[in-house]
Amino acid sequence: MTDTATPATGGIGDAPVRKEDAKLVTGQTTWTDNIAFPGMTYMAVLRSPMAHAKINSVDVSAALEQPGVLAAFSGADLADEWAGPLPCAWPVTPDMVHPDHWPIAKDEARYVGDAVAVVVARDRFAAADALEHIAVDYEPLDAVVDMEAAIADGAALVHGDHGTNTTYTWPFSNGDVDEAFNGAHKVVTRRFINQRLIPNAIEPRAVVVAPIAAANEFTMYTATQVPHILRLMLALTTGVPESKLRVIAPDVGGGFGSKLNVYAEELMALVLAKRLGRPIKWTETRSEGYQTTIHGRDQIQDVEAAFDEDGRLRGLRVKLLADMGAYLQLVTPGIPILGALMYPAIYKMDAYDFSCTGVFTNKTPTDAYRGAGRPEATYAIERTMDEAAVELGMDPMDLRRRNWITHEEFPFTTIAGMTYDSGNYEAATDKAMELFDYDGMRAEQQRRREAGDRYQLGIGISTYTEACGIAPSRVLGSLDYGAGGWEHATVRMLPSGKVEVVTGLSPHGQGHETTFSQIVADTLGVPFEDVEILHGDTKVAPQGLDTYGSRSLAVGGIAIYKATQRMLDKLKTAAAHMLEASPDDLEFSGGQFSVQGSPDTAMALGNVVLGVFAAHDLPDGYEPTLSAEFTFDPENFSFPHGTHLCAVEVDTETGMPQITKYVAVDDVGNVINPQIVDGQVHGGLAQGIAQALYEEAVYDDAGNLTTGSIVDYYVPGAPDLPEYTTDRTVTPATSNPLGVKGVGEAGTIASTPAVVNAVLDAVRHLGVTDLDMPCSPERVWRALQEGSASRDQVAAQAQGGQHA
């Protein structure tokens, strides 16, 4: 090996081709459903067709007689297998009502899709066919699907033994709220509906369990975001020792929060593999997933905002009803609480009052869905600012400028107690307005209004921030969350000079292998291609808290960076000994060590590594292994922000809204890979726009999911979405050494209010004062007809007054 250092490639700020893409585009991925073992068996689950029913009996005897069937069980049959019910890790109040949630219902089915029996067969078709031969005696019970009806006196109870459909009420208040409202010039009062959504990851959920019966050991492959959390929860709920469990998240095709959970099917597969001593596979169908994979959002938001005559925001009141569904999943109760911290957003005010009531209904449980509480909060405050601008007679952007935190005021502690470390809302907004041609678009809007154009133009604004990098452990503790927010990394130098990085994160499409390789390559001065990222396997990476809440870079990436720095320090000690110099006199650049002022002494990193491996000449007490670890617990959230501007054209004859221009200027701190950032923003925008215009999970009064397939639940495709103009400003985070912030949820959080504000802005002058999401053509058309009738009635009254 020579002393010539190899120049670094693919460092911080570059956009190399993603390492993950070659196998993805050539079909060489390992999805869970691709995994096969000799003697594989297949699991199918019988699910309740009723939203609420007493289970009088379950008879599986006929199913057991079907060809290929190996076993069949009711909930009662497996009752002794469970060490505990499905977990909820976020008891947000001491008195929170938390009913037991068993993997298979034993006494009552509480939503359509609730598991009531399970079959194991030699192939998946035999298992599915056998379900038809299970006889269940259901006794129908009254179902409740509306939150306000659920908390009314005399409502049917989802869990009768608890005597209430309210699981908790969580209050927060700061400042003199009464003073803020009593002295206000204008109080803007609105109700917003954040409709229920169904996540649609490209890969359905799936699980495979392979037992080693003689050793009582089990390996679970599962499409999950949280292999480490899952491993712990499997041990707690099934009684299998954690040391005997290995959880592997192979290639995972998307998650968006829907795979941030501990699901009944994972527990079933484990106990049945243990019981039968055979490998077991279960893969959901898409329609099955619509019923049983968690849903998102589903909140009623009552908002009051108090303003002075000049537009200064004095105070904010938020009263929330949050639909939990029939049970509390892993973090269900805490999702609205994450949003509670962000309703004040980027605005200054004197007082803030928040209250959230969690409500049980006979519907699929809700939980984290891309943004997890933050999109709901941003929607409410950004819609409120537009509504206030109308009532105050101000331009909506001017009202925002009047109230936001200026860049000179950072760090700034909000009325909700969050300390924003950095930001520049002015710069992001100025760039967005320039790219959007804000003044020109307003002029075109006015021209169309004056001309009575069929296609009216609306302009929507969202000046957002979010809290991500979930989260400092002490903050999570103060919110009664059951775990911390740290992340772990190990960096190993191999004798050949290659680098292995072990991370506790578990990707599902974010580009971790690429981004983390760039950080390590840049720090160590090695080629990007020489860095290998290992993840998603609790045996390979035994320590970690997994992937969610835009924490991958801002928490996990910093752990990797810090571990790499430790590795560099260890190598520096060895290099100093080899160069017969003090470590303090060494400098490192371009992948080589040298004595300051003596460039001819340069020694390549690879030579140092090989020297340590040989161990022929090392300092006394120096261990000849090159491995460094770091556990990073963030001191604060990270706070990306930005300004999104949307132009929507509404066909006033059909109600069809069409986005004609969308500009997103985001500030995500320092950027490791701009291409990956753009991809995350684009994907987030698609999901936020989908909520605004297309998606809604609908239940009938009996608790049937009427949008139970992709035929009825409209997921937009590329033809439904506009081209985006994206750009960035950069204000580095001060809470971590790379100055990075999260980006995975930003587009979703910002876009929904921008789009809805634009649709309303297009038709408000035609008498439309409110629209619920999604703003479908039918919904917009009906609002236009009602607005027209209202205008005609006002005109008739005015005419009558003149005659009088």
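Predicted model: local features only at pLDDT ≥ 70, side-chain atom pairs only at ≥ 80, totals over all residues.
**View 1. Helices H10 and H19 pack against each other.** Two packed helices are described by the angle between their axes and the distance between the axes. Here H10 covers residues 374-392 and H19 covers residues 746-763, and they meet at an angle of about 30 degrees with their axes 8 Å apart. Angles under 35 degrees count as roughly parallel, so H10 is roughly parallel to H19. The crossing of H10 and H19 is right-handed. From H10, the contact is made by Arg374, Pro375, Thr378, Tyr379, Glu382, Arg383, Asp386 and Glu387. From H19 come Ile749, Thr752, Pro753, Val756, Asn757 and Leu760. Sort the residues of this contact by class and you get 6 nonpolar, 3 polar and 5 charged.

View 2. Arg297 isn't a glycine, yet its phi is positive, at about 65 degrees. With 6% relative accessibility, Arg297 counts as buried, because the cut-off for buried is under 20%. Ala372 isn't a glycine either, and its phi is about 50 degrees. You'll find Ala372 in the loop between strand E15 (351-360) and H10. Ala372 counts as buried too, at 9% relative accessibility.

**View 3. Two prolines follow cis peptide bonds.** Look at the bond from Phe410 to Pro411: it is cis, with omega near -5 degrees. Pro411 sits in the loop between helix H11 (396-403) and strand E16 (412-413). Now try the bond from Met773 to Pro774, which is also cis, with omega near -10 degrees. Pro774 is in the loop between H19 and helix H20 (777-803).

View 4. Ser462 belongs to strand E18 (residues 455-465). Is Ser462 buried or exposed? Its relative accessible area is 0%, so Ser462 is buried. The side chain of Ser462 reaches the backbone oxygen of Ala750 at 2.9 Å. Skipping residues up to four places away in sequence, Ser462 touches Thr378, Glu382, Gly642, Thr643, His644, Ala750, Pro753 and Ala754.

**View 5. Thr503 reaches the backbone of Leu505.** Thr503 is part of strand E20 (residues 499-503). It is buried, with a relative accessible area of 2%. The side chain of Thr503 gets to the backbone nitrogen of Leu505 at 3.1 Å. Leaving out residues up to four places away in sequence, Thr503 touches His488, Ile533, Leu534, His535, Ala541 and Ile560.

**View 6. Thr652 meets residues from elsewhere in the sequence.** Find Thr652 in the loop between strand E26 (641-651) and strand E27 (657-667). With a relative accessible area of 21%, Thr652 is partly exposed. How far apart in sequence are Thr652 and Gln456? They are 196 residues apart, but in space they are 7.0 Å apart, C-alpha to C-alpha. A polar atom of the Thr652 side chain lies 2.8 Å from the backbone oxygen of Arg454. Neighbours within four places in sequence aside, Thr652 is in contact with Asp453, Arg454, Gln456, Leu766 and Leu784.

Conventions:
Residues numbered from 1 in each chain as written. Heavy atoms only, no water. Axes fitted to C-alpha atoms, helices over the stretch in contact; angles between N-to-C directions. Helix = DSSP H or I, 4+ residues; strand = E, 2+ residues; numbered from the N terminus. Parallel < 35°, antiparallel > 145°, perpendicular 65-115°, else oblique. Left-handed = near helix turned anticlockwise from the far one by under 90°. Contact = heavy atoms within 4.5 Å. Nonpolar A, V, L, I, M, F, W, Y, C, P; charged D, E, K, R; others polar. Buried < 20%, exposed > 50% of the residue type's maximum accessible area, 1.4 Å probe, protein only. Polar contact = N/O pair within 3.5 Å; in protein donor to acceptor, adjacent residues only side chain to side chain.
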